[in-house]
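Hi,

Here is the structure I promised to pass on. Have a look first, and then read my notes below.

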Amino acid sequence: MNIVTLVGSLRKNSFNMQVAKTMQERYKDKLNMQIPDIGALPHFNQDDELDPPQVVKDFKAAIANADGVIIITPEYNWSVPGVLKNALDWTSRVEQVFIGKPVMTLGATPGMMGTIRAQLHLRDILVAPGIQANILPPGANEILINTVQQKVDEQTGQLDDESTLSFLDSKIEAFLDFAKTN
């Protein structure tokens, strides 16, 4: 299954990118995960939406051609990072590539709340008229990785907490089933 994974952090040692890379390796037999550099996207400008730069065209084509999308986000000021919102804004205009697309969200943070506020805002964004993603239902979709700094191996940068990995395994299976039927 071809999956585009959006990571809402640009930080060099981003925990959310470490989670994405762990997933890319762990599920390589089930998922072909592409992780585009959303930091390379220019700021959304409605003046450019009809003829956007090539990087935007390529980004939107990747999502359009994917079987599903996984969004992994940190929480900035109780919401989604601007770079992630910018990427989603580009997808909501002209070719609205998220409409009906199966989507799963998750997030990792050193704090205790596990990006819950960011993911609540993200769900609101994903159901907006220009996006209308098909989000994995609540209950199947709460993946809140808290105190992530204690769950990542400092040497490899891989998520190595067995209970978190087992939980993630079950959520990936639920997402695969959801994406195949939607």
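**How the helices pack**

Let's start with helix 3 and helix 4, which are roughly parallel to each other (that label is for angles under 35 degrees; over 145 is roughly antiparallel, 65 to 115 roughly perpendicular and the rest oblique). This is a predicted model, in which local features need pLDDT of at least 70 and side-chain atom pairs count only at pLDDT 80 or more, while totals for chains, interfaces and linings use all residues. Residues are numbered from 1 along each chain as its sequence is written, and side-chain values use heavy atoms, with hydrogens and water left out.

A word on names: helices (H or I, at least four residues) and strands (E, at least two) are DSSP runs, numbered from the N terminus. Two packed helices are described by the angle between their axes and the distance between the axes. The axes are lines fitted to C-alpha atoms, for helices over the stretch in contact, and the angles run from 0 to 180 degrees between N-to-C directions.

For helix 3 (residues 82-91) and helix 4 (residues 116-126), the angle is about 10° and the axes are 11 Å apart. L84, K85 and L88 of helix 3 meet L122, I125 and L126 of helix 4, where a contact means heavy atoms within 4.5 Å. These contact residues divide into 5 nonpolar, no polar and 1 charged (Ala, Val, Leu, Ile, Met, Phe, Trp, Tyr, Cys and Pro count as nonpolar, Asp, Glu, Lys and Arg as charged, and the others, Gly among them, as polar).

Helix 3 also packs against helix 2 (residues 54-65), at about 80° and with the axes 10 Å apart. That makes helix 2 roughly perpendicular to helix 3. V56, F59, K60 and I63 on helix 2 touch A87, W90 and T91 on helix 3, a contact with 5 nonpolar, 1 polar and 1 charged residues.

Then there is helix 1 (residues 15-26) with helix 5 (residues 162-181): an angle of about 65°, axes 12 Å apart. These two are therefore roughly perpendicular as well, and their crossing is right-handed. T22, M23 and R26 in helix 1 meet L165, L168, D169 and I172 in helix 5; by class, that gives 4 nonpolar, 1 polar and 2 charged residues.

**The two sides of helix 4**

Which residues of helix 4 are buried? They are A118, Q119, L122, R123, I125 and L126 (buried is under 20% relative accessible area, exposed over 50%, partly exposed in between, with a 1.4 Å probe and protein chains only).

**Two loop residues**

N77 is not a glycine, yet has a positive phi of about 50°. N77 sits in the loop between strand 3 and helix 3 and is exposed, with a relative accessible area of 78%. T115, also not a glycine, has a positive phi of about 65°. T115 lies in the loop between strand 4 and helix 4, and counts as buried at 1% relative accessibility.

Best wishes

Terms used. Left-handed = near helix turned anticlockwise from the far one by under 90°.
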